[in-house]
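Reader: I have a model open and want to talk it through. Can you take my questions as they come?

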Amino acid sequence: MADEELEAIRRQRVAELQAKHGDHSNDQQGQQEAKQRETEMRNSILAQLLDQSARARLSNLALVKPDKAKAVENYLIQMARFGQLGGKITEAGLIEILEKVSQQTEKKTTVKFNRRRVMDSDEEDDD
C-alpha cells in the first residue's frame, strides 16, 4: 500500500513538473510572438514615415550603432503619435534628426590624472 501511495505521489509530481515546463515554453513562445509583432508594427510605422533613402540610412545606422538607431526610431514614432510630422521624412530630414539625437545623448569624457607623491628622493641615487 505504501508503494501505491508513493507511486501516486510520484505521478502527481511528474505531472506538475511537466505542466510547469510546458507553461514555461508556452510563455516563451508568447513573449517571442509579442516581440515579433512589436517589431513588425515598428517597421510598418517607419515605412510610412520614411522614404527609401532615409530608411536605408537608418538600417545602415542600425548595423553600426543599434542603440542610436533604436533611439531615432523611438523619436520618430513619438513625433508621429503627436502629429508633429508632415509627410514622409527624406534623408536630409533624417540627418537633422540624427544630429538632434546625437546632441541629446552626447557623452562628455573627462580624464583626470591622480598623481601620487611617493617619497622618492634623488639624493639616494648619488651613491
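Reader: Start at the ring of F113. Which residue lies over its face?
Author: R115 does, at 5.9 Å from the ring centre of F113. A charge sits over a ring here if NZ of Lys or CZ of Arg is within 6 Å of the ring centre and within 35 degrees of the ring normal.

Reader: What should I know about the model itself?
Author: It is a predicted model, where local features need pLDDT of at least 70 and side-chain atom pairs count only at pLDDT 80 or more, while totals for chains, interfaces and linings use all residues. Residues are numbered from 1 along each chain as its sequence is written, and side-chain values use heavy atoms, with hydrogens and water left out.

Reader: How many aromatic pairs are there?
Author: The count comes to zero aromatic pairs. The rule pairs rings of Phe, Tyr and Trp (its six-membered ring) if their centres lie within 6.5 Å, with planes under 30 degrees apart counted as stacked, over 60 as edge-to-face and the rest as tilted.

Reader: Now the fold. How many helices and strands?
Author: Four helices and zero strands, in the pattern α-α-α-α along the sequence. Helices (H or I, at least four residues) and strands (E, at least two) are DSSP runs, numbered from the N terminus.

Reader: What share of the protein is buried?
Author: Of its 127 residues, 16% count as buried. Buried means under 20% relative accessible area, exposed over 50%, and partly exposed in between, using a 1.4 Å probe and protein chains only.

Reader: And the contacts, how many join residues at least 24 apart?
Author: 68% of the contacts between residues at least 6 apart in sequence do. Contact means heavy atoms within 4.5 Å.

Reader: Which residues of the largest nonpolar core touch the most other members?
Author: L46, L50, L58, V72, L76, I89 and L94, out of 17 residues in that core. Two or more core residues come from each of α1 (2–49), α2 (52–64), α3 (66–81) and α4 (91–104). The largest share is that of α3, with five residues. A nonpolar core is a set of buried Ala, Val, Leu, Ile, Met, Phe, Trp, Tyr and Cys residues joined through side-chain atoms within 4.5 Å.

Reader: What is L50 in contact with, leaving aside neighbours within four places in sequence?
Author: R55, L58, L76, K88, I89 and L94.

Reader: On to α2. Which of its residues are buried?
Author: A54, L58 and L61. They are on the same side of α2, because they cover an arc of only 60° around the axis. The arc is that of the directions from the helix axis to the C-beta atoms. Q52 and L63 are exposed on the face of α2 turned away from the buried side.

Reader: How buried is A54?
Author: A54 has 0% relative accessibility, so it counts as buried. Leaving aside neighbours within four places in sequence, A54 is in contact with I89, T90, E91 and L94. The C-alpha atoms of A54 and E91 are separated by 4.1 Å, though these residues are 37 apart along the chain.

Reader: How far does α3 reach?
Author: α3 has 16 residues and reaches 22 Å from its first C-alpha to its last, close to the 22 Å expected at 1.5 Å a residue. The expected span is 1.5 Å times one less than the number of residues in the helix.

Reader: Which residues of α3 are buried?
Author: A69, V72, E73, L76, I77 and M79. Their arc around the axis is only 160°, which puts them on the same side of α3. D67 and R81 are exposed on the other side. Just after α3, G83 takes a positive phi of about 70°.

Reader: There is an E73 in that list. What is its relative accessible area?
Author: E73 has 16%, so it is buried. Leaving aside neighbours within four places in sequence, its contacts are R42, L46 and L58.

Reader: Last one, α4. Which residues are buried there, and what covers them?
Author: The buried residues are G93, L94, I97, L98 and V101. An arc of only 145° around the axis puts them on the same side of α4. What covers them includes α2 and α3. On the other side of α4, E96 and Q103 are exposed.
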